[in-house]
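Open the model in your viewer and keep the selection tool at hand.

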Amino acid sequence: MTTLTQTATTPNIKVQNSEILNYPDLMQVYFFQAVIENLEDGILILNETGELLHANASADQICLQLNLENCHEKFIHPVIQHLCQSLIDSRSFTDNQGLILSDEIVFNQTTVFRIRVRWLNLNSMQMPYFLVTIENQYQSLKNIAIAEVKKYDLTPREAEIWSLYRGKYSYKDIATKLYITVNTVKKHMKNIHAKKQAFLEMQH
């Protein structure tokens, strides 16, 4: 289901010709490019006609998954196309460039991508662009679980169970995946919640 989010408008990004950029400006450009390329979330930049202009490394990997049933690499998933078109249509009733549209692409329990699309206005360009972010929700939850495993000082087995639980697996699914009983899962989860509660109490 498509959702709307209103955000504060951020200042436009100034893009200059690289031939007239001084050294500090060039370093800033390279720095931000390096940041984008190393983001875990996929980043796509599309023009108003839907042509792909840039994709970071994460987006390339994600798009390989999204494009499995399509024969050309420039394919843009229909969910992304729909969000972009909705943004274009929204210009008739709002001038707010901070509008963000979001939706999900669901393959299975462990493959859910959160898509967010907003306008990207560049001062040096006559036409606006679409900034598309693609988040692997399962991977994000898994990373959170990894951090919590260390924070709550969980055992290896508790870590396995907690990571699956964070990944939206049911107790029954966890038991099946780890070849243990549901009661064993419940016992471990009880211990995990006790450790979590003890950690939270230490913070106060």
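**Stop 1: V132 and its neighbours**

Select V132: leaving out residues up to four places away in sequence, its contacts (heavy atoms within 4.5 Å) are G42, I43, L44, L46, I80, I115, R116 and V117. The model is predicted, so local features need pLDDT of at least 70 and side-chain atom pairs pLDDT 80 or more, while totals for chains, interfaces and linings use all residues. Residues are numbered from 1 along each chain as its sequence is written, and side-chain values use heavy atoms, without hydrogens and water.

**Stop 2**

Buried means under 20% relative accessible area, exposed over 50%, and partly exposed in between, with a 1.4 Å probe and protein chains only.

Helices (H or I, at least four residues) and strands (E, at least two) are DSSP runs, numbered from the N terminus.

**Stop 3: helix α6**

Select residues 171-178, helix α6, where I174, A175 and L178 are buried. They lie on the same side of α6 because they cover an arc of only 100° around the axis, taken from the directions from the helix axis to the C-beta atoms. This buried set packs against α5 (156-166) and α7 (182-202). Turn to the face pointing away from the buried side to find the exposed residues K172 and T176. Just after α6, Y179 has a positive phi of about 60°.

**Stop 4: a surface patch**

Now go to helix α1 (residues 23-37), which holds F31. Which residues make a nonpolar surface patch of about 430 Å²? Select F31, F32, V35, I36 and L39. F31 is exposed, with a relative accessible area of 51%. Patch members have over 30% relative accessible area and no salt bridge, with nonpolar side chains (Val, Leu, Ile, Met, Phe, Trp, Tyr) joined within 5 Å and like charges within 9 Å. A salt bridge is a side-chain nitrogen of Lys or Arg within 4 Å of a carboxyl oxygen of Asp or Glu. Areas come from the Shrake-Rupley method with a 1.4 Å probe; for residues, only the protein chains shown count as cover.
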